[in-house]
Amino acid sequence: MTDATPGSPRVRWADPGDAAAVAARIEAEVRLGTPRRIAFTGGSTPLKVLALLATRDLDWSQVTIALTDDRRVPDDHPASNFGKIHAALGATGARFERLVEGMAVAPFDLVWLGMGDDGHVASLFPTMQALVRPGPTVIATTPVPLPVEAPFDRLTLNEMALKATAEIILVVTGAAKRALLDRVLAGTDVAALAYPVSDVLRGCGPQVTIYWSE
Ligand code: 6PG
């Protein structure tokens, strides 16, 4: 781990920050052997980590796997986050918690987030249609414009639900996303402060560990 980031005392960088390190972090949570609630991100970055976790000999019986968000498609649709996560970990004996619009969300032990090139996290987008609900809740959102890679309505944990956790791990790859995070953490770029990831990294909230790799 490297030191906390100036201006964001609750943010630190994992070193290394690659898929093996992320899998090790999730594995450490599972190995605690007590009831654990872990929210898994969607997108493509997790696929390497899910493949590593599926090969580990772990007791998942005390673990509830939730999703940070999902596209509103059937489980067998290639864009389904639930479909991808369940394909990798469905046979482990973990309990799966589905996203239901308006559902109150219990606190987590660990929330695993990815980030889009536009600074979105979960399915909280810089511009979107959303019905705001009080408390830590599952809300429906529609990104504006719809992302080409996943042009779907969404269900997502709202910010309060994402922050109701002991720790957030933010897993991102590539130079462009690193540059975006550096702008957000510097706190001097007004445009960057409008990104949803800024709400996660700045202000009040849990410890955030960023796992970054090329
Ligand atoms: C989703 C994710 C989303 C994702 C980012 C990054 O449903 O798409 O939850 O927030 O983490 O879009 O996606 P990649 O990992 O594919 O870059």
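This briefing describes selected packing and backbone features of one structure. The structure is a predicted model, in which local features need pLDDT of at least 70 and side-chain atom pairs count only at pLDDT 80 or more, while totals for chains, interfaces and linings use all residues. Residues are numbered from 1 along each chain as its sequence is written, and side-chain values use heavy atoms, with hydrogens and water left out. Helices (H or I, at least four residues) and strands (E, at least two) are DSSP runs, numbered from the N terminus.

**Helix packing**

- Helix α2 (residues 46–55) and helix α3 (residues 81–89) have axes that come within 8 Å and cross at roughly 25°. That angle makes α2 roughly parallel to α3, a label given to angles under 35 degrees, with over 145 counting as roughly antiparallel, 65 to 115 as roughly perpendicular and the rest as oblique.
- The axes are lines fitted to C-alpha atoms, for helices over the stretch in contact, and the angles run from 0 to 180 degrees between N-to-C directions.
- On the α2 side, L47, L50, L53 and A54 meet K84, I85, A88 and L89 of α3; contact means heavy atoms within 4.5 Å.
- Seven nonpolar residues, no polar ones and one charged residue make up the contact of α2 with α3. Here Ala, Val, Leu, Ile, Met, Phe, Trp, Tyr, Cys and Pro count as nonpolar, Asp, Glu, Lys and Arg as charged, and the others, Gly among them, as polar.

**Aromatic pairs**

- The structure holds two aromatic pairs. Rings of Phe, Tyr and Trp (its six-membered ring) pair if their centres lie within 6.5 Å; planes under 30 degrees apart count as stacked, over 60 as edge-to-face and the rest as tilted.
- The pair of F40 and W112 is tilted, because the ring centres are 5.3 Å apart and the planes lie at 50°. F40 belongs to strand β2 (residues 36–40) and W112 to strand β6 (residues 110–113), so this pair ties together parts that are 72 residues apart in sequence.
- F40 and W112 are both buried, that is, under 20% relative accessible area, with exposed meaning over 50% and partly exposed in between (1.4 Å probe, protein chains only).
- F82 and F96 form an edge-to-face pair, with 5.7 Å centre to centre and 75° between the planes. F82 lies in helix α3 and F96 in strand β5 (residues 95–96), so the pair ties together parts that are 14 residues apart in sequence.
- Both F82 and F96 are buried.

**Buried residues and their contacts**

- I169, in strand β10 (residues 167–173), counts as buried at 0% relative accessibility. Beyond four places in sequence, I169 touches V22, R25, I26, L110, V111, W112, L113, T209 and Y211.
- I26, in helix α1 (residues 19–31), is also buried, with a relative accessible area of 0%. Its contacts beyond four places in sequence are F40, L53, W60, L110, W112 and I169.
- S198 is located in helix α6 (residues 196–201) and is buried, with a relative accessible area of 4%. Apart from neighbours within four places in sequence, S198 is in contact with V184, A192 and L193.

**Backbone features**

- The peptide bond from D15 to P16 is cis, with omega near 5°, and P16 is in the loop between β1 (11–13) and α1.
- V144 and P145 are joined by a cis peptide bond with omega about -5°; P145 is in the loop between β8 (138–143) and β9 (154–157).
- A122, a residue other than glycine, has a positive phi near 50°.
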